[in-house]
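User: I am new to this structure and would like to know what the terms used for it rest on. Please take them one at a time.

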Amino acid sequence: MTSLLQNVWHLRRVAEASIKPCHICYKPTTSVLITPDQKDHFYVCPGHLKDRGFCTPIVDEAEAAAKKKNEELDREIELIKAEYAEKLKKRKKSKDSKKKEKSTEKDKGKGKEDSKDDEDDDEAKAEKEKNDKVSNLSDTT
């Protein structure tokens, strides 16, 4: 006995050497629709796959939502990293200008110690702020 043919097909791409004509328009194509059990297949053009009257994709709503959420989260993380890099550049510029001002002062020894402490504090604070934002975004998922 033969089992009934399911109306579920998976799109596969074949190598350029295995190109065969589309079953509908006879143009060469690398797109193949195949059943999940791989017992039946047919070649079809990408143009026919876009046709709403020909076939419709099965979309997993939960998977699509999770993918969208992860993409948004990645974008936010990238924005936070960009903000952090921008802050570091601004701080570096301001530190450079402060160093120039302090180098003109006669009391160089005391100024250098204070500036190093300030630099370490600023960098540690900025790094902690960045890590907190990223961890907060990661925890919300």
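**Terms and what they rest on**

Analyst: About 70 Å³ of space lies in the largest cavity. This comes from a predicted model. A search of the whole structure for cavities of 30 Å³ or more finds 1.

User: What makes this space a cavity?

Analyst: The term cavity applies because a 1.4 Å probe fits at its points but cannot get out. The lining consists of I80, E83, Y84, K87, A126, E129, K130 and K133. The elements that give two or more residues to this lining are α2 (61-104) and α3 (108-139).

User: How is the lining of the largest cavity divided by class?

Analyst: There are 3 nonpolar, no polar and 5 charged residues in that lining. Glu and Lys count as charged, so E83, K87, E129, K130 and K133 fall in the charged class.

User: Which residues make up the largest nonpolar core, and why is it called that?

Analyst: The core has 5 residues: C22, L33, F42, V44 and C45. In soluble globular proteins, nonpolar side chains tend to be buried together. Leaving out residues up to four places away in sequence, F42 touches W9, H23, S31, V32, L33 and F54.

User: Why does Y26 count as exposed?

Analyst: Its relative accessibility is 62%, and exposed means over 50%, so Y26 counts as exposed. Y26 is in the loop between β2 (20-21) and β3 (28-29). Its phi is near 70°, a positive value in a residue other than glycine.

User: How do you know that β1 and β4 pair?

Analyst: Strands pair if there are at least two bridges between them; β1 (residues 10-13) and β4 have 4, so they pair. They run antiparallel, and R13 stands opposite S31 in β4.

User: What about β4 and β5, and what lies between them?

Analyst: These strands are joined by 3 bridges against the required two, so they pair as well. They too run antiparallel, and the bridge partner of I34 in β5 is H41. β4 and β5 form a hairpin with 6 residues between them. Q38, in the loop between β4 (31-34) and β5 (41-43), has a positive phi of about 60° although it is not a glycine.

User: Which way do the residues of β4 point?

Analyst: S31 and L33 point one way, V32 and I34 the other way, and all are buried. In a regular strand the side chains alternate between the two faces of the sheet.

User: What is the order of the elements in the protein, and how many residues are buried as a percentage?

Analyst: There are 3 helices and 5 strands, running β-β-β-β-β-α-α-α from the N terminus on. Of the 141 residues, 17% are buried, a term that requires under 20% relative accessible area.

Terms used
Residues are numbered from 1 along each chain as its sequence is written. This is a predicted model: local features need pLDDT of at least 70, side-chain atom pairs count only at pLDDT 80 or more; totals for chains, interfaces and linings use all residues. Side-chain values use heavy atoms; hydrogens and water are left out. A nonpolar core is a set of buried Ala, Val, Leu, Ile, Met, Phe, Trp, Tyr and Cys residues joined through side-chain atoms within 4.5 Å. Buried means under 20% relative accessible area, exposed over 50%, partly exposed in between (1.4 Å probe, protein chains only). Contact means heavy atoms within 4.5 Å. On a 1 Å grid over the protein atoms alone, a cavity is a set of points where a 1.4 Å probe fits but cannot get out, and a pocket is an open set with protein on both sides within 12 Å along at least five of seven lines; lining residues have an atom within 4 Å of a point. Grid points are joined across faces, edges and corners, and a volume is the space filled by probe spheres set on the points.
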